Amino acid sequence: RKGWNMTSGDVIDTVYTDSSGYYSTQLPLGNYTLYLERTGYVSGLINIAVTGLTTPNQNGSMVPDGTGEIPTGDLRIRMSWLSEPADLDSHLWGPGVDGGRFHTYYANKTYSYDGTTRAFLDLDDTYYEGPETTTIYDMNLTGVYSFYVHDYTNRDRTGSTVMANSGVRVEVLIGAELVATYHIPTNSSGNVWHVFDYNADTGTLTAVNAFCDQANASMVGYTGNAAYLA
């Protein structure tokens, strides 16, 4: 539809993605609303701009609606960014079932206990944009979940400002509802962004917006008492 955030009105084009999720269409210059729809997923929209230049990050993602084979999950975190740096990583720390804290990231995508997946990172995008999606299943209601973004490309650069200018966006969904969107502050420095904490006991989502430097990916967000540290 023509214009941004248009939930009704004339549909000017309909396009289907290929098996990899890519879409392509030709439109006049201007702003448009792209409505996303697929059976078994929550419908949604993204705003796209058609300009005379390349406009990055015109991507969208969808979450399962819980009626199909893929469960929605208790909490879902989507991280996406623009073209630089090439490799940003999603890191989640959370309370382990048997004590301590678990850590999911590219080298340890799944946290399981007693044969049940409790948290899962779907993708390690090492070549721009994402999105990377982390899903928490069977949430432990007695602890805090913490989410971080790591600039792996510039992991050895102390005080780097590259990530601050990368347009990182983190979206948080509880069930099928988008409850928060975080954008990285452009005046920040560091290769680790502590985005938010979620207190599962109280249901409280808190923006942290803290920055530091860490070269070792396995130590991003580590504060001690880790049940699994790979």
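Residues are called buried under 20% relative accessible area, exposed over 50%, and partly exposed in between, with a 1.4 Å probe and protein chains only. The model is a predicted one, in which local features need pLDDT of at least 70 and side-chain atom pairs count only at pLDDT 80 or more, while totals for chains, interfaces and linings use all residues. Residues are numbered from 1 along each chain as its sequence is written, and side-chain values use heavy atoms, with hydrogens and water left out.

1. Asp-114 has a phi near 55°, which is a positive value in a residue other than glycine. With a relative accessibility of 70%, Asp-114 counts as exposed, and its place is the loop between E6 and strand E7 (116-121). Strands here are DSSP runs of E of at least two residues, and helices are runs of H or I of at least four, both numbered from the N terminus.

2. A positive phi of about 55° also belongs to Asn-209, although this residue is not a glycine. Asn-209 is found within strand E13 (residues 204-212), and its relative accessibility of 37% is the reason that it counts as partly exposed.

3. The order E6-E7-E8-E3-E10-E11 describes an open sheet of 6 strands with antiparallel pairing, where two strands pair if DSSP finds at least two bridges between them. Its edge strands are E6 (110-113) and E11 (177-183), each of which pairs on one side only. From one strand to the next the twist averages 15°, the axes being lines fitted to C-alpha atoms (for helices, over the stretch in contact) and the angles running from 0 to 180 degrees between N-to-C directions.

4. Within this sheet, strand E3 (residues 75-80) pairs with strand E10 (residues 169-174) in the antiparallel sense over 6 bridges. In general, strands of a sheet pair through backbone hydrogen bonds, either parallel or antiparallel.

5. On aromatic contacts, rings of Phe, Tyr and Trp (its six-membered ring) pair if their centres lie within 6.5 Å, and planes under 30 degrees apart count as stacked, over 60 as edge-to-face and the rest as tilted. The count by this rule comes to 8 aromatic pairs. One of them joins Tyr-105 and Tyr-106 edge-to-face, at 5.2 Å centre to centre and with 80° between the planes. Tyr-105 counts as buried at 3% relative accessibility, whereas Tyr-106, at 27%, counts as partly exposed.

6. A stacked pair is formed by Phe-147 and Phe-196, with 5.8 Å centre to centre and 20° between the planes. Because Phe-147 lies in strand E9 (residues 144-151) and Phe-196 in strand E12 (residues 192-199), the pair ties together parts that are 49 residues apart in sequence. Both Phe-147 and Phe-196 are buried.

7. One aromatic cluster is made up of Phe-102, Tyr-111 and Tyr-145.

8. Leaving aside residues up to four places away in sequence, Gly-130 touches Asn-59, Met-79, Trp-81 and Asp-125, where contact means heavy atoms within 4.5 Å. The C-alpha atoms of Gly-130 and Asn-59 are separated by 8.7 Å, although the two residues are 71 residues apart along the chain.
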